[in-house]
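Dear colleague,

I am handing over the structure we discussed, with the sequence alongside it. Please look it over first, and then read my notes below.

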Amino acid sequence: MQYDQINNLYYLYDYVPKNQRRDEISANIFYALKGTRFPKINIIKRGEYAEEITNSIREILPENNCKVAFFCCPSSKLNNENETSYGHMEEIAMLVVQNLIVNGIAAQYLKVLERTKSVKSQIENGNRRTMLQHLDSLRESDQTVFLGTFDYVFMVDDIFTSGGTARAIEKIISDYIGKANYHNLTVGKTTSRT
C-alpha cells in the first residue's frame, strides 16, 4: 500500500483513466469496481482487493487492541428507490472488517454519510466535481456520532482523483472524529500517463 501524505491517502495502485493509455492494473480496477462485464471475475477481484487492504491495515495499526472504523463514500448517484447506494466499495469494506475481526482487531463498518441528491459526472458537468457540489449533496447519518469512539477511522472509496470528495467528507465529519486517526483509503489513485 502506498501513502500520499498531502492527501492523507492510503491506496493500493496508481490508476490511469480510460481516456489515456490504460495499463492492465487500471483496466482490472475499472472492471472490478465500475464495470458490469465479467461479474464472477469482478467478485473475485474485489475479494483480492479486500485481502490486500486487510494486510496493509494490519501493518499500519500500531497494535491489535485498537478500535478501527470504516465507512464508505456514498455513490454520487442516488439509486432508483432514492436511497443512498454504496455498492462495490461497501462490499470490500465489509470484507476488510470481517478479515480484521478474524485477526483479533476490533473493527466495525458504519454508514456515516447519506447522499441527498445525485452529483453530475465529469462528462455531464463538463469538468470535475467540486468539493462544494459534494458538500451540497451529502449529510451525516445517525451513525456519524460514533466516529469519535474509535482509534482509527478510514473513509473507503474506489478511485481518488482530484480530492474533492475526500475534502468534502472530511469537512462534514471533522466535528465527530475526536482524537481518532483519520485517513482516506482507496483502491486506486488517478495518475497521468501519456
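N8 lies in the loop between β1 and β2, where helices (H or I, at least four residues) and strands (E, at least two) are DSSP runs, numbered from the N terminus. This is a predicted model, in which local features need pLDDT of at least 70 and side-chain atom pairs count only at pLDDT 80 or more, while totals for chains, interfaces and linings use all residues. Residues are numbered from 1 along each chain as its sequence is written, and side-chain values use heavy atoms, with hydrogens and water left out.

N8 is buried, at a relative accessible area of 16%; buried means under 20% relative accessible area, exposed over 50%, and partly exposed in between (1.4 Å probe, protein chains only). The side chain of N8 makes polar contacts with the side chains of Y3, at 3.1 Å, and of H183, at 2.7 Å. A polar contact is a pair of N or O atoms within 3.5 Å; within protein, one must be able to donate a hydrogen and the other to accept it, and residues adjacent in sequence count only if both atoms are side-chain atoms. Leaving aside residues up to four places away in sequence, N8 touches Y3, Y182, H183 and N184, a contact being heavy atoms within 4.5 Å.

F154 is one of the residues, with I57, F70 and L185, that touch the most other members of the largest nonpolar core, which has 28 residues. A nonpolar core is a set of buried Ala, Val, Leu, Ile, Met, Phe, Trp, Tyr and Cys residues joined through side-chain atoms within 4.5 Å. At least two residues of this core come from each of β2 (9–15), α2 (39–60), β3 (67–72), α3 (88–102), β4 (106–109), β7 (152–160) and β8 (181–190), and α3 gives the largest share, 6 residues. A second, separate core of 21 residues includes F71, L147, F160 and A180.

Turning to charged pairs, the model has 4 salt bridges, each being a side-chain nitrogen of Lys or Arg within 4 Å of a carboxyl oxygen of Asp or Glu. One of them joins the side chains of K189 and D4 (2.8 Å, N to O), and it links distant parts of the chain, with K189 in strand β8 and D4 in strand β1 (residues 2–4), 185 residues apart. D4 is buried, with a relative accessible area of 10%.

Another salt bridge pairs E91 with R46 (3.2 Å, N to O), bringing together helix α3, which holds E91, and helix α2, which holds R46, across 45 residues of sequence. E91 is partly exposed at 28% relative accessible area, whereas R46 is buried at 11%. E90 and K111 also meet through their side chains (3.4 Å, N to O), with E90 in helix α3 and K111 in the loop between β4 and β5 (113–115), 21 residues apart. Here E90 counts as buried at 13% relative accessibility, and K111 is partly exposed at 36%.

On confidence, the protein chain averages a pLDDT of 79, and 77% of the residues score at least 70; pLDDT is the predictor's confidence in each residue, from 0 to 100. Over residues 80–85 the pLDDT is below 50, and this stretch has 10 contacts in the model beyond near neighbours in sequence.

With best wishes
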